[in-house]
Amino acid sequence: MSGLKEFFTSITKGAPEQQPPRVCKNCGAEIAYPDYVANHCICPECGTYFRMRAVERLEATVDEGSFQEIDRKLKSKDPIKFPDYAQKLDKAEKASGLNEGVVCGTAKIDGIDTALFIMDSAFMMGSMGTVVGEKITRLFEKATAQNLPVVGFITSGGARMQEGIFSLMQMAKVSGAVKRHSEAGLLYIAVLTDPTTGGITASFAMQGDIIIAEPKALIGFAGQRVIEQTTGEKLPAGFQRAEFQLEHGFVDIIEERPRMTYTIAKLLAIHTSNVQ
Amino acid sequence: MAKADSITAYERVQAARNGKRPMGSYYIEHMIDDFVELHGDRRFGDDAAIVAGIGYLNRIPVTVIAMERGETIEERMKRNFGCPEPEGYRKALRLMKEAEKFHRPVICFIGSSGAYCGIDAEERGQGLAIAENLYEMMGLKTPIISVVVGEGGSGGALALGVCDTAVMLENAVYSVISPEGCASILWKDATKAPDAAAHLKLTSYDLLKFEVVEKVIQEDGKTEREICSALKKYILDEILRLRVLPTEELLDGRYEKFRKIGAFR
């Protein structure tokens with residue numbers, strides 16, 4: 001847990017062992033933090049998936065000590081001076097220990113060099129403003145220049161309304177970088193986790209060569225309440241869940257969290273094998 | 001061009017939504033000669049919220065893709081009030097690919113409150129349909145000009161908005177979220193939409209200042225025909241400029257147009 005140790009020490013909340021226990025929203029079970037991490041942030045009692053923090057995902061995914069973060073310090077300039085947004089950013093920073101809603105860098109996954117982005121819903125629901133858009137764009141550009149595959153762990157409420165049209169345009173900006181990466185013959189694996197919605201689903205979440213989803217993750221374009229209000233229809237059970245998306249042909253694989261790294265490593269290996 | 005600050009952002013929103021405001025079909029009728037409408041996405045169906053086809057702009061063959069909400073109530077039902085289903089975006093992409101094959105410039109007219117929000121739309125991949133358009137339009141090897149003529153509603157508008165030149169009519173708006181949606185999420189009160197509209201900076205002059213669009217076509221004090229002919233002239237000039245560019249330069253310019261949008265430190 002060296003990465004976790006560094007992270008929690010950096011946000012002065014003590015070592016991972018001193019983290020408060022996590023409480024399951026579904027069954028109420030209290031789980032000691034080290035056990036919680038050892039169990040892939042899944043409730044040992046009822047199997048509910050908690051939303052993973054970027055640092056926890058990183059720890060579970062990359063070879064120890066191999067992660068090199070880029071653009072950590074990038075922050076929003078509040079482009080449309082939206083009311084209360086500057087304060088919201090400050091609050092999100094303090095609450096999450098991050099400067100923005102995505103962590104980017106390079107790492108090895110089972111020995112394979114990879115570019116990596118991990119969104120974190122603890123920062124304003126992982127919504128995409130210009131910083132998230134810029135960081136992911138730069139990551140794809142770097143991966144293209146260095147011939148690296150990209151693995152992206154996605155969780156986001158969509159485009160961030162407090163940056164107005166600037167947020168919307170990030171969808172096009174990132175799409176351009178994904179396209180150039182793809183044209184260079186490089187692999188992009190998108191891992192969709194709970195929730196993946198709105199402008200993120202309508203851009204890079206759906207642009208992976210391979211799209212993996214976590215079980216039961218909410219994945220969709222329109223919000224459920226909006227659909228109910230627009231159509232007056234009651235939504236069917238399991239609507240917009242990972243299993244629904246698999247059934248309708250929009251994701252390749254649903255993978256359990258304990259096997260996620262293994263599956264990603266296998267896919268990376270197949271794409272880097274070069275049998276003559 | 002005088003910027004009329006006396007008109008509030010929300011008044012622009014209301015003007016953009018006005019039921020009598022000309023939409024895509026009007027511009028096709030008054031701008032394109034010998035228009036032939038082409039239907040269907042060759043996957044599932046034909047979405048009447050998007051009208052698409054080929055014709056001439058002056059004497060240049062072009063592909064036109066236009067959102068259309070219809071005039072009569074029957075027509076509006078048929079066209080789903082201008083909110084495209086995934087099939088609409090897939091039809092648009094199919095015809096853009098065809099335009100690329102035959103080296104025809106593409107003109108997109110945008111005016112819709114947004115992509116349709118329904119169970120069926122989700123079942124057929126509304127998110128994927130938009131994502132594919134953004135992705136493919138970024139690499140489409142022929143000029144694309146997008147014109148926001150009405151309400152540019154979020155991702156559903158952007159799905160026809162990846163372009164070399166973006167134009168807005170003066171009273172069109174373009175936003176990440178509707179003012180009502182924004183107000184109800186932030187302040188739990190949709191009646192504060194006029195405030196949200198002002199804060200979202202969604203008018204044509206805002207977007208011109210942000211360099212998200214290259215041109216605003218003046219409307220105030222002009223007739224519909226005058227607006228249409230000024231727009232036609234601008235589109236024609238842009239096509240003449242863009243179509244002689246080598247493909248690589250065209251695509252680098254398009255990439256850069258979006259690449260530079262951001263505000264961070």
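Predicted model: local features only at pLDDT ≥ 70, side-chain atom pairs only at ≥ 80, totals over all residues.

Residues are numbered from 1 along each chain as its sequence is written, chains are lettered from A and ligands numbered from 1 in the order in which they are written, and side-chain values use heavy atoms, with hydrogens and water left out.

**The chains one by one**

- Chain A has 10 helices and 9 strands, while chain B has 12 helices and 8 strands. Helices (H or I, at least four residues) and strands (E, at least two) are DSSP runs, numbered from the N terminus.
- For chain A, with 276 residues, a compact globule would have a radius of gyration near 19 Å, and the 18 Å of chain A agrees with that. The radius is taken over C-alpha atoms, and the globule rule is 2.2 Å times the number of residues to the power 0.38.
- Along the principal axes, the C-alpha atoms of chain A fill a box of roughly 55 × 45 × 40 Å, and the C-alpha trace of chain B spans about 50 × 45 × 45 Å.
- Chain A is assigned domain 1 (1–50) and domain 2 (52–272), with bounds from an automatic or database domain assignment. The centres of these two domains of chain A, taken over C-alpha atoms, are 22 Å apart.

**Where A meets B**

- In chain A, 57 residues are in contact with 47 residues of chain B, contact meaning heavy atoms within 4.5 Å.
- The two chains bury about 4,500 Å² between them, 71% of it on carbon and sulfur atoms. Buried area is the accessible area (1.4 Å probe) that two parts lose on being put together, summed over both.
- Met161(A), Ile165(A) and Phe221(A) supply 15% of the area that chain A buries against chain B, more than any other three residues.
- Between chain A and chain B there are 4 salt bridges, each a side-chain nitrogen of Lys or Arg within 4 Å of a carboxyl oxygen of Asp or Glu.
- Helix H5 (130–145), helix H6 (164–183) and helix H8 (224–231) of chain A each supply at least two residues of the side that touches chain B. H6(A) gives the largest share, 17 residues.
- That side of chain A has 27 nonpolar, 18 polar and 12 charged residues. Ala, Val, Leu, Ile, Met, Phe, Trp, Tyr, Cys and Pro count as nonpolar, Asp, Glu, Lys and Arg as charged, and the others, Gly among them, as polar.

**Salt bridges to look up**

- Arg259(B) forms a salt bridge with Glu134(A), the closest N and O atoms being 2.9 Å apart. Arg259(B) lies in helix H12 (residues 247–259) of chain B and Glu134(A) in helix H5 of chain A, so the pair joins two chains.
- Glu136(B) pairs up with Lys179(A) in a salt bridge, with 3.8 Å between the closest N and O atoms.

**Backbone details**

- Most residues other than glycine have a negative phi, and most peptide bonds are trans.
- The peptide bond from Asp194(A) to Pro195(A) is cis, with omega near -15 degrees, and Pro195(A) is found in strand E7 (residues 188–196) of chain A.
- Gln240(A) has a positive phi, near 65 degrees, and is placed in the loop between H8 and helix H9 (242–247) of chain A.
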